[in-house]
Amino acid sequence: MEYENKLVLAPMVRVGTLPFRLLAAQYGADITYGEEIIDHRLLKCERKINECLGSTDFVEKGTDTVAFRTCQEEKDRVVFQMGTSDAVRALRAAQMVCNDVAAIDINMGCPKSFSISGGMGAALLSKPELIHDILTTLKRNLDIPVTCKIRLLSSSNDTVELARRIEKTGISALAVHGRKVPDRPRDPAKWNEIADVVAALSIPVIANGDVFEYDDFQRIKVTTGASSVMVARGAIWNASIFSAQGKLPWEEVRREYIRKSILWDNDIKSTKHTLKEMIIHYSCLELPEGRAVIRSQNLGDLALLYGEEEYYSFICQTRQQFS
């Protein structure tokens with residue numbers, strides 16, 4: 001895994017599942033982060049080869065619930081992002097997936113209560129000793145790259161000091177979201193404070209925040225000096241943001257996402273959530289399309305809604321023949 005001059009899909013809960021990662025890669029993403037998976041949850045899973053789909057699944061024991069699904073096609077670029085607050089537990093979880101992914105990333109920026117209350121995500125930003133313990137433990141015991149993603153601290157000096165301590169753990173790269181924990185998505189990302197981190201470190205820094213068009217990749221690189229650029233909301237709204245040829249109509253991107261969700265038997269809740277995020281940006285959930293997505297109970301319903309019945313039937317028939 002290299003971290004120079006890369007376009008990166010950010011980790012996004014309920015969005016960054018296999019179909020969306022493959023969609024982003026199809027349009028030009030070099031590195032694709034999966035949604036954050038909590039170490040506790042992964043440790044309750046067992047690794048299974050899904051012969052029908054051609055995927056590798058980490059399935060919660062005693063259930064059919066897939067916590068993480070990947071495939072050989074993305075092995076060289078998919079990053080498994082983990083939520084953790086304990087070095088030993090993080091290592092046990094990482095060892096379960098390390099042979100199926102390109103890198104392991106530790107989430108140190110999520111400001112959501114479910115993450116912070118467990119001592120994970122942004123809660124780690126105030127615990128540099130624990131950060132050091134987690135990252136050095138992973139680095140010492142894994143043969144794949146280890147990285148982490150942080151948010152800005154209250155002052156630029158504080159962020160730089162933490163970033164320097166993180167660099168000393170030997171990680172391969174550091175992703176920096178240009179917002180502080182109290183900031184909301186509508187607040188402008190502070191590219192100048194990402195630049196301060198870049199200037200202080202020798203390892204690659206991945207800049208994240210307010211990338212909505214392809215040209216923004218170059219603008220944030222020039223402004224911050226970052227090695228690579230990560231995009232979240234801009235990719236949800238239209239994954240073809242990664243294409244140097246320009247964005248495709250969002251309806252076309254939406255159709256391709258639905259087909260990939262059908263092909264990889266994606267969780268219906270995840271698929272609906274991602275579709276709703278697209279619709280909210282370009283349209284309105286109160287219009288017929290939005291209401292129909294909300295009412296959909298399964299991928300078959302979505303296939304019918306978007307005129308993909310034949311494709312859905314073909315995939316279902318193929319699976320029946322395989323089994």
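**Helix contacts and pockets**

User: When α5 passes α6, is the crossing left-handed or right-handed?
Analyst: This is a predicted model, where local features need pLDDT of at least 70, side-chain atom pairs count only at pLDDT 80 or more, and totals for chains, interfaces and linings use all residues. Residues are numbered from 1 along each chain as its sequence is written, and side-chain values use heavy atoms, leaving out hydrogens and water. A crossing is left-handed if the near helix is turned anticlockwise from the far one by less than a right angle, and right-handed if clockwise. For α5 passing α6, that comes out as right-handed.

User: How are α5 and α6 oriented to each other?
Analyst: Helices here are DSSP runs (H or I, at least four residues; strands are E, at least two), numbered from the N terminus. The axes (lines fitted to C-alpha atoms, for helices over the stretch in contact, with angles from 0 to 180 degrees between N-to-C directions) of α5 (residues 128-141) and α6 (residues 156-167) are 9 Å apart, at an angle of about 25 degrees. Angles under 35 degrees count as roughly parallel, over 145 as roughly antiparallel, 65 to 115 as roughly perpendicular and the rest as oblique. So α5 and α6 are roughly parallel.

User: How many residues of the contact of α5 with α6 are nonpolar?
Analyst: Contact means heavy atoms within 4.5 Å. Pro128, Glu129, Ile131 and Leu135 of α5 meet Leu162, Arg165 and Ile166 of α6. Ala, Val, Leu, Ile, Met, Phe, Trp, Tyr, Cys and Pro count as nonpolar, Asp, Glu, Lys and Arg as charged, and the others, Gly among them, as polar. The α5 and α6 contact has two charged residues, no polar ones, and a nonpolar count of five.

User: How do α1 and α10 lie to each other?
Analyst: The axes of α1 (residues 18-27) and α10 (residues 250-263) come within 9 Å and cross at roughly 135 degrees. Therefore α1 and α10 are oblique.

User: How many residues in the contact of α1 with α10 are charged?
Analyst: α1 passes α10 in a right-handed crossing. On the α1 side, the contact includes Phe20 and Leu23, and on the α10 side, Tyr257 and Lys260 are among the residues. By class, this α1 and α10 contact has seven nonpolar residues and two polar ones, with the charged count at two.

User: And how are α10 and α11 oriented to each other?
Analyst: α10 and α11 have axes 11 Å apart and pack at an angle of about 175 degrees. That is why α10 and α11 are roughly antiparallel.

User: Which element gives the most to the lining of the largest pocket?
Analyst: A pocket is an open set of points on a 1 Å grid over the protein atoms alone where a 1.4 Å probe fits, with protein on both sides within 12 Å along at least five of seven lines; lining residues have an atom within 4 Å of a point. The largest pocket has a volume of about 990 Å³ (the space filled by probe spheres set on points joined across faces, edges and corners). Its 35 lining residues include Pro11, Met12, Val13, Lys112 and Arg151, the closest to its centre. With four residues, the element giving the most is α9.

User: Which element gives the most to the second largest pocket's lining?
Analyst: The second largest pocket has a volume of about 620 Å³. Of its 27 lining residues, Thr17, Glu35, Arg41, Val66 and Asp267 are the closest to its centre. α1, β3 (37-38), β6 (66-70) and α11 each give two or more residues to this lining. Giving the most, with four residues, is β6.
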